[in-house]
Amino acid sequence: MKTTLHKALWGGAALAFLPAVAFAQEVAEEAAAAPSFDEIGPYIMTTLLFLVGGFLVFWMAAGFAMLEAGLVRSKNVTMQLTKNIALFSIAAIMYWLVGFNLMYPGEFNGYFAFNFVPTVLEPVGLAAADASLDYASVASDFFFQLMFVAATASIVSGALAERIKLWPFLIFVIVLTGFMYPISGSWQWGGGWLSEMGFSDFAGSTIVHSVGGWAALAGALILGPRIGKYKDGRTVPMPGSNLALATLGTFILWLGWFGFNGGSQLAAGTVGDITDVGRIFANTNMAASAGAVTALILTQVLYKKVDLTMVLNGCLAGLVSITAEPLAPSLFGSLLTGAVGGAIVVFTVPLLDKLKIDDVVGAIPVHLFAGIWGTLAVAFYTGNWGAQITGIIAYGVFTFVVAGIVWFILKAVTGIRVSEEAEINGLDTSELGMEAYPDFAKG
């Protein structure tokens with residue numbers, strides 16, 4: 001009896017235990033079938049790098065807005081803020097609509113891709129088995145790359161401040177962000193003809209910054225200087241409204257640049273990749289510091305007083321200079337690269353004034369001239385001087401010519417410059433009907 005009962009009890013327990021065993025086996029089989037972190041880790045970490053880098057570069061939009069708001073006169077501040085939020089928003093729409101797939105078309109002739117299709121993201125809840133685990137999510141890549149095109153448009157905004165009409169400027173932004181920047185960007189980052197030649201521009205000293213500088217230069221030449229800027233053979237200073245804002249904008253841009261350069265490593269899934277991202281951060285910071293200190297010293301020597309606006313732009317020029325190659329240099333090499341960038345600003349700002357090219361915020365010296373220097377400096381590490389020079393010329397000719405054509409068309413069709421009365425009164429009231437500082441005297 002006892003034996004029979006004992007067997008019955010154990011039999012019941014065994015029957016109850018069987019589903020648990022089956023469930024455990026099922027879990028084990030699913031775990032064995034699921035990809036390991038070694039397989040999905042690089043995809044996850046690179047996607048995360050793009051997202052973090054992307055929102056850091058997004059913060060640069062605030063930096064450009066504050067820098068420009070501080071360096072224009074108070075009667076034009078609202079206009080600069082309006083242009084900056086509008087251009088970013090337009091860039092986001094245009095890059096989705098055509099830009100991203102023009103810039104990264106896959107197979108194309110290396111010069112231009114007839115790939116006018118909107119960007120499509122992955123489906124919700126993408127399974128690992130359906131993902132391209134060798135890179136990152138399309139959404140994160142699109143988000144990260146979008147931030148660069150918006151920065152390009154911001155460069156143009158500052159240079160042409162205080163005398164350009166709002167809507168013609170925004171039409172130019174549509175062309176720049178939807179077509180000009182993506183087409184030329186495909187030549188290198190999209191695997192085009194410059195990439196095949198060996199041209200190197202890690203995060204965009206030329207592809208982003210010089211392109212913005214060339215477009216700004218074309219606009220400044222066609223638009224002409226502000227009223228009263230050049231009189232009787234001398235340059236008349238027109239101080240900005242708020243150097244505290246300009247300094248804040250510079251620090252914000254400096255912060256955003258860590259995402260700009262660090263994210264351009266385009267990988268974070270290995271010890272080597274993430275270590276390189278850290279190296280890029282350190283080199284980027286060193287170049288910015290060297291550019292600022294160089295401008296600090298040079299303005300003291302040349303003008304007997306330190307010029308804060310030059311120091312701010314010296315810092316930015318150091319950042320632009322190191323952007324073409326922030327990985328290869330040592331910290332000392334980064335210091336030298338940034339220092340040359342800072343010196344370039346100090347000497348080319350007055351050069352533009354001698355040529356009567358009115359650049360309100362110093363965007364052309366910072367982004368164009370320092371961008372050229374940074375791109376050339378890459379050849380010290382690659383030895384491929386021919387490819388670097390070819391790339392600089394190609395981007396310069398394409399952007400300057402196409403931008404010039406667009407500016408000329410806008411000038412003929414709509415006009416690009418406000419009236420003399422509107423410029424004297426300020427664009428805030430004449431174009432927008434509101435002032436940034438209504439409780440203060442107009443400046």
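Q: How far apart are the mean positions of the positive and negative charges of the chain?

A: In this predicted model, the mean position of the 19 positive charges and that of the 29 negative charges lie 16 Å apart.

Q: Why is glutamate 162 called buried?

A: Buried means under 20% relative accessible area, and glutamate 162 has a relative accessibility of 1%, so the residue counts as buried. Glutamate 162 sits in the loop between α4 and α5 (166-186). Across the chain, 53% of the 443 residues count as buried.

Q: What makes leucine 266 partly exposed?

A: The term partly exposed applies between the two cut-offs, which are under 20% for buried and over 50% for exposed. Leucine 266 has a relative accessible area of 34%, which lies between them, and therefore the residue is partly exposed. Its place is the loop between α8 (243-262) and α9 (271-303).

Q: Why is the space of the largest cavity called a cavity, and how much space lies in it?

A: A cavity is a set of points where a 1.4 Å probe fits but cannot get out. The structure holds three cavities of 30 Å³ or more, and about 80 Å³ of space lies in the largest cavity. Of the 13 residues that line the largest cavity, Phe64, Leu67, Val361, Ala363 and His367 are the closest to its centre. The elements giving two or more residues to this lining are α2 (37-71), α4 (138-159), α10 (308-323) and α12 (363-377).

Q: What makes a residue part of the lining of the largest pocket, and which residues lie nearest its centre?

A: A lining residue has an atom within 4 Å of a point of the pocket, and 25 residues line the largest pocket, with Lys229, Asp307, Thr309, Val349 and Val360 nearest its centre. About 660 Å³ of space lies in this pocket. The largest share of its lining, four residues, comes from α11.

Definitions and conventions. Residues are numbered from 1 along each chain as its sequence is written. This is a predicted model: local features need pLDDT of at least 70, side-chain atom pairs count only at pLDDT 80 or more; totals for chains, interfaces and linings use all residues. Side-chain values use heavy atoms; hydrogens and water are left out. Buried means under 20% relative accessible area, exposed over 50%, partly exposed in between (1.4 Å probe, protein chains only). Lys and Arg count as positive and Asp and Glu as negative; His and the chain ends are not counted. The place of a charge is taken as NZ of Lys, CZ of Arg, CG of Asp or CD of Glu. On a 1 Å grid over the protein atoms alone, a cavity is a set of points where a 1.4 Å probe fits but cannot get out, and a pocket is an open set with protein on both sides within 12 Å along at least five of seven lines; lining residues have an atom within 4 Å of a point. Grid points are joined across faces, edges and corners, and a volume is the space filled by probe spheres set on the points.
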